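I opened the model to go through helix packing, the domains and the ligand site. My notes follow in the order in which I looked things up.

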Amino acid sequence: MDGLTPEQARLRDRARELAREAAAQAAETDRTERYPWPMVRRMTEAGLMGLTIPKAFGGAGSSYLDAVLVIEELAKACAVCGRIAVEANMGAIGAVMAYGSPAQQRLAAGLVLAGDKPAICITEPEAGSAATEMTTRAVRRGDAWVIDGVKHWITGGGVSRLHLVFARAFEDGVDLGIGGFLVVRGGEGDPAGLVIHRRIPSMGLKGMPEAEIHFRGLEVPDSMVLRPPGGFARGFGRLMEAYNGQRVGAATAALGIAAGAFDRAMDYAQARRQFGRPIAEFQGLAWMLADMSIRLEASRALIWRAARSAGPGDGADGFPDRLAAAQAKVLAADTAIEVTNQALQVWGAAGYSRDNPMERFVRDARMFAIAGGTAQVLRTQVAERILGRKLPQTRDGFLRQAAE
Ligand code: FAD
């Protein structure tokens, strides 16, 4: 009924197996706010980091749907592990495998297959949803580019090795457009100009550092510029196409968190008795559980549709369709917030206690309607596509369109 191949079902079983270990450490990761290196090692050994990397570069050549199956299982058990699996299979690594030079592809594949979760650096203090208003600059100097600027809310800042840094590129004073620059941290010749300025304390997914990163005269050789077709002029658009993969992954992590909370709500509703009956027999809760299951199935269906739109894997993939990815992320993010809250409600006071994982699911679910395109901005993207018209967000853009 789910249309999965036997290989996909086996891959999901493998992820489920590892998810047991992920579940065992999830509360500790949340409490200590430490990046779960032991789990990353286990995921690396199990071949779940870099699944989508083509076989020619040492990966499994898996499709986006394969990765989605793995991410959901891990996120059900430990949201941080789910998110690591997102960024080890989609986002920056997808962009490099699609647009990179062979040397860049080898470098990125090697890092991820050895356990790195790349970081993608777009957001700035004054450029969030309006990402193209970024002020980080990359100025050409001979064979290198010199980057200055500040990025914040960079997931994995301080633990990631590969960084894909978005900056506005200038050559001879001319603004060429926004480009992507690859920087590797944490090895020999650690780049001095990439400074992890501070860790940002966050509400959920506490084992995953969110960082403010300062770039101070960071030199990046021209060979590390990620050049999509169309060069800098089309750079931002192309790089954001790769980001559609990340959106499908983020939607899946949200789904996994919600599904994990739902499973526990189902168990508790049948075990907990009040008024001499299992609480699942009260229609108020039974319908709540029914609605939760409907929302989860709908989210899963949209995510799988978006993942399938990318293609069969092993280098033959494009990126997920932009509309499908945005629709899936909006629904999954909203669903995660609703379902985790309802699941906590089923548990009553026990759900509110830090002795149980329900409150962690609520906290972990909250970010998906913000990061990687907010619920509002993605709704505008969906509206643009279904209406077949641009919906300018700047006042100037809106006035120009109104005057046409
Ligand atoms: P703002 O853009 O200031 O928006 C504030 C509010 O206004 C939001 O509700 C927003 O929806 C609304 N709004 C803004 N513009 C519009 C509009 N045109 N129409 C309707 N509503 C609008 N960034 C990275 O580059 N790399 C990362 O790894 C990364 N990881 C993140 C992880 C987490 C946990 C979080 C919370 C954020 C992360 N981000 C990352 C940043 C994220 O992408 C931004 O937070 C997001 O793009 C929104 O920007 P902002 O927070 O500045 O909000």
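Is the crossing in which α7 passes α8 left-handed or right-handed? I found it left-handed. I keep in mind throughout that this is a predicted model.

**Entry 1: α7 and α8.** I took helix α7 as residues 231–271 and helix α8 as residues 283–308. Their axes come within 10 Å and cross at roughly 155 degrees. Angles over 145 degrees count as roughly antiparallel, so I put α7 down as roughly antiparallel to α8. I then listed the residues in contact. From α7 they include Val 248, Leu 255, Phe 262 and Met 266. From α8 they include Leu 289, Met 292, Leu 296, Arg 300 and Ile 303. Sorted by class, the contact of α7 with α8 has 16 nonpolar, two polar and one charged residues.

**Entry 2: α5 and α6.** I next looked at helix α5 (residues 92–99) and helix α6 (residues 102–113). The two axes come within 8 Å, and I noted a crossing angle of roughly 150 degrees. α5 and α6 are therefore roughly antiparallel to each other, and their crossing is left-handed. On the α5 side I found Ile 93, Val 96 and Met 97, which meet Gln 104, Gln 105, Ala 108 and Val 112 of α6. This contact has five nonpolar and two polar residues, with no charged ones.

**Entry 3: domains.** I read the bounds from the domain assignment: domain 1 covers 6–113, domain 2 covers 119–230 and domain 3 covers 234–395. For domain 1 and domain 3, I noted 19 Å between centres taken over C-alpha atoms. Their contact takes 33 residues from domain 1 and 32 residues from domain 3. On the domain 1 side, α1 (6–32), α3 (64–77), α4 (79–87) and α5 each supply at least two residues. Which of these helices gives the largest share? I found that α3 does, with 12 residues. By class, the side of domain 1 that touches domain 3 has 18 nonpolar, eight polar and seven charged residues.

**Entry 4: ligand shell.** I counted 20 residues around the ligand, of which Ile 122, Gly 128, Ser 129, Thr 374 and Gln 376 come nearest. β1 (119–121), β3 (144–155) and α12 (375–387) each supply at least two residues of the shell. The shell divides into nine nonpolar, 10 polar and one charged. Between which domains does the ligand lie? Domain 2 and domain 3 both give residues to the shell, so I placed the ligand between them.

Note on methods. Residues numbered from 1 in each chain as written. Predicted model: local features only at pLDDT ≥ 70, side-chain atom pairs only at ≥ 80, totals over all residues. Axes fitted to C-alpha atoms, helices over the stretch in contact; angles between N-to-C directions. Helix = DSSP H or I, 4+ residues; strand = E, 2+ residues; numbered from the N terminus. Parallel < 35°, antiparallel > 145°, perpendicular 65-115°, else oblique. Left-handed = near helix turned anticlockwise from the far one by under 90°. Contact = placed C-beta atoms within 7 Å. Nonpolar A, V, L, I, M, F, W, Y, C, P; charged D, E, K, R; others polar. Near = placed C-beta within 6 Å. Domains from an automatic or database assignment.
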